[in-house]
Amino acid sequence: MSEVSTRAWTRPYDWAEVVIGVVAALSPLWLSADTSTVWTMVVLGALIAIDGLVSLAAPGAVYGEGIQIVLGALLFIAPWVMGYTELNGASWTSWVGGALTIIAGAAAMPEASAAHRMAGQH
């Protein structure tokens with residue numbers, strides 16, 4: 001891997017996770033949602049964005065990408081678990097946002113692992 005992977009605030013997959021989280025957290029502002037849907041979207045979106053920021057700040061923290069994958073899976077299944085599949089906008093935001101978060105987390109895993117190995121070579 002190149003040196004870019006060890007520099008903080010430079011990894012595009014982590015930036016994507018931050019954007020996905022912010023969109024999910026703010027989506028109840030423009031989508032129809034009930035109270036449980038709003039809280040689900042806000043909490044999971046905020047956690048995704050925060051973990052993306054942590055991954056950006058600490059590029060060698062491999063656990064952050066694993067957490068992203070879990071959070072993405074939770075966002076993806078949220079419409080069924082929380083019962084808001086009838087709210088099309090919120091459901092599709094959860095499904096697409098969750099899938100993109102899983103993909104971004106999985107794609108960032110090799111780069112995070114390489115950064116972790118490079119950081120340990122001091």
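According to the unreviewed UniProt entry, the annotation "transmembrane region" covers residues 12-31, 37-59, 66-84 and 90-109. UniProt positions follow the numbering used here, feature names are shortened, and annotations may be inferred rather than shown by experiment. Residues are numbered from 1 along each chain as its sequence is written, and side-chain values use heavy atoms, with hydrogens and water left out. The model is predicted: local features need pLDDT of at least 70, side-chain atom pairs count only at pLDDT 80 or more, and totals for chains, interfaces and linings use all residues.

Confidence was examined by chain and by helix. The mean pLDDT (the predictor's confidence in each residue, from 0 to 100) of the chain is 89, and 91% of its residues reach 70 or more. Helix α1 has the highest confidence, at a mean of 96, and helix α4 (residues 88-119) the lowest, at 88. Helices (H or I, at least four residues) and strands (E, at least two) are DSSP runs, numbered from the N terminus.

Two of the annotated spans were then described. Residues 66-84 are 84% helix and 0% strand, with end C-alpha atoms 26 Å apart. Residues 90-109 are 100% helix and 0% strand, and their end C-alpha atoms lie 28 Å apart.

Buried residues (under 20% relative accessible area; exposed is over 50%, partly exposed in between; 1.4 Å probe, protein chains only) of α2 include Thr37, Asp51 and Ser55.

The structure holds 2 salt bridges. A salt bridge is a side-chain nitrogen of Lys or Arg within 4 Å of a carboxyl oxygen of Asp or Glu. Arginine 11 pairs with aspartate 14 at 2.7 Å, N to O. Both of these residues are buried. Arginine 11 also pairs with glutamate 65, the closest N and O atoms being 2.8 Å apart. This pair links distant parts of the chain: arginine 11 lies in the segment before α1 (12-26), and glutamate 65, 54 residues away, in helix α3 (residues 63-81). Glutamate 65 is buried, with a relative accessible area of 0%; for arginine 11, also buried, the value is 2%. Shared partners join Arg11, Asp14 and Glu65 into one salt-bridge network.

Leaving aside neighbours within four places in sequence, its contacts (heavy atoms within 4.5 Å) include Glu17, Gly105 and Met109.
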